[in-house]
Amino acid sequence: MCTFSLSATSMQVPPYPASSSTFTCPSLPFTTPHSYTFTSTVPKPRLPVFSATKDIWRNPKTTPSSPPSHPPRHRRKLQGTAFLDHTIDMDDLAASIRATQNDHDLNSLLSPYKSRSLSIRFMVSLLSREPDWRRSLAILDWINDVALYTPSVFAYNVVLRNVLRAGQWDLAHGLFDEMRHRALSPDRYTYSTLITAFGKAGMFDAALSWLQKMEQDRVSGDLVLYSNLIELSRKLCDYTKAIAIFSRLKRMGIVPDLVAFNSMINVFGKAKLFREARGLLKEMRAVGVAPDTVSYSTLLTMYVENEKFLEALGVFREMSEVKCGLDLTTCNVMIDVYGQLDMAKEADRLFWSMRKMGIEPNVVSYNTLLRVYGDAELFGEAIHLFRMMQRMDVEQNVVTYNTMIRIYGKSLEHEKATNLVQEMQKRGIQPNAITYSTIISIWGRAGKLDRAAMLFQKLRSSGVEIDQVLYQTMIVSYERVGLVAHAKRLLHELKRPDNIPRETAITILARAGRVEEATWVFRQAFEAGEVKDISVFGCMIELYSRNRKYANCIEVFENMRVAGYFPASHVIGLVLNAYGKLREFEKADAVYREMQEEGCVFSDEIHFQKLSLYGARKDFKMVEAMFERLVCDPNINKKELHLLVAGIYERSNRLNDSYRIMNRMNESRVLKS
């Protein structure tokens, strides 16, 4: 039998136990459903858990029995201490609590201790061993209302943890208000528990509101808390919000660690803020954090995803200069970069030298080199590598076969491409949408449109998920041979999609420039709460901006903010332009200020867009003020800034001011920089 031992650190009960990262609520159905409600006054204390007429829970596997009126099993000989902590077996007592079925059983079990013969530290530790949120509440109410202990923030933190794991969001709010009502100050663990739980549940605005309350209470957050929020934002693809949180972290005087910096390199890259992402390497060195292989590989991936291959090559050279070791990811990315720059020999050399560096190529390495061979029309080398993978028992996947099918299509060997589909199925590798779209494209180019159309219809009727790539491939195939009516029919069908998600239909229609159809589907999906992907909002804003439908552009932006998303930097530029075209300059100012106050990082284009809006409404005082502010910003392209402001003055026939700006540019030698 394990005896509880009181320690000096027992006062610090963490919000989450180290022993479990996931929580499963035991099956404890109510005999009579018990609801937790809140009064309309502030604060809003939840109702006490104890009730003479309601069971808190009932364990159907346990036969009801009255617990003993005294606890001889838990009691040992006292040794003159003020509390009974050292005489009680905590494991045994916790097991007895878990066996109780209702509030009466729990009261009877704990009644010998209601004179507070156990310390609050013991009770909090006992409470932390109870995973069920209903029993946790019952124990907390016994501690506060029956035994009349002084309320403990640690006890509330434990109960909050269990309540949030069970998804009882309203009850969590009630517990927080009850803490205030009992004159308890929520601590860092309280807020961290609330912020993390709401964030992981996708309620990001609620998580940020807890962060604001924490800052208002002057409770200092830590690096772990802010890093979690950044990671949650990144996973939700809300990169603007992640940047705002990172800015807030630095304003709080917290120095980011290597993990936080690497995460932000990825965020800036996804937000297409390449200069800021590159600048993080300098910032890391300035605060004593040395960039590692992950830092550089993340930067490389960012450039490759945005087809900035020369910049990626520059980063790779810098890695060599600082003697930063290569890893598998870096090698795979650089094989791709060499291929994109028509440097097939360098890609080939890097691949075959990987083992000499102690790096074993994986299937991604082989697939990337296959694609490089195909793009360079080295078909013999590609086929040799493909068959060598099979001889060496290198695991091949659907990407491997898709790449080879594409290579056979490029070499006009259509039947071999079709045969590969049968081969991959025999090997247990199921074709995906990319496989089918590649085959349809090959047949379309070969003039075998009947086979392409037959395959497409077969896929639709078989229940295979049709993604936007496959749909667009078929539309392009129809248009290529002049069957415009067939292409229009497919686009029209997307207004009422029955075999693809509405978000996919919206994306297809928007990229095809079908304004009316995309608008209809988007409004239907938004009203039904089906638009969860932030990129869908951006896609619609880009569609409206291209077609000069600025009122619709603003409508989607407002829907986006209602959904709790922060727009990406380039989307903000489109929104500012829309407000300008509608002559709603005050609203444009409000958006610009709001995003700045949130800590968003803007690209040069956003600042220049705002300057143009000031020029459009002839507010030259604001043009001059913003110009002076941006001149002092080391991250702004000074040459483009001077040319823009000079152009604003010239279009307004203020030639003297335009001349002054150009002279200032020449004097500061901006042209040479």
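Predicted model: local features only at pLDDT ≥ 70, side-chain atom pairs only at ≥ 80, totals over all residues.

Mentor: Start with α5 (153–165) and helix α7 (residues 188–200). Their axes (lines fitted to C-alpha atoms over the stretch in contact) come within 9 Å and cross at roughly 5 degrees.

Trainee: So how does α5 lie to α7, parallel or antiparallel?
Mentor: Roughly parallel, because the angle is under 35 degrees.

Trainee: Which residues make the contact?
Mentor: From α5, V153, N157, L160, R161 and L164. From α7, Y189, T190, T193, L194, A197 and F198. Contact means heavy atoms within 4.5 Å. Seven are nonpolar, three polar and one charged.

Trainee: New topic. Which residues of α3 are buried?
Mentor: In helix α3 (residues 120–128), F122, M123, V124, S125, L126 and L127. Buried means under 20% relative accessible area with a 1.4 Å probe, protein chains only.

Trainee: What covers them?
Mentor: The cover includes α1 (90–99), α4 (133–146) and α5.

Trainee: And what lies nearest the centre of the largest pocket?
Mentor: R511, I534, S535, V536 and H570, among 32 lining residues. A pocket is an open set of points on a 1 Å grid where a 1.4 Å probe fits, with protein on both sides within 12 Å along at least five of seven lines; lining residues have an atom within 4 Å of a point.

Trainee: Which helix gives the largest share of that lining?
Mentor: α27, with seven residues.

How values were computed. Residues numbered from 1 in each chain as written. Heavy atoms only, no water. Buried < 20%, exposed > 50% of the residue type's maximum accessible area, 1.4 Å probe, protein only. Helix = DSSP H or I, 4+ residues; strand = E, 2+ residues; numbered from the N terminus. Axes fitted to C-alpha atoms, helices over the stretch in contact; angles between N-to-C directions. Parallel < 35°, antiparallel > 145°, perpendicular 65-115°, else oblique. Nonpolar A, V, L, I, M, F, W, Y, C, P; charged D, E, K, R; others polar.
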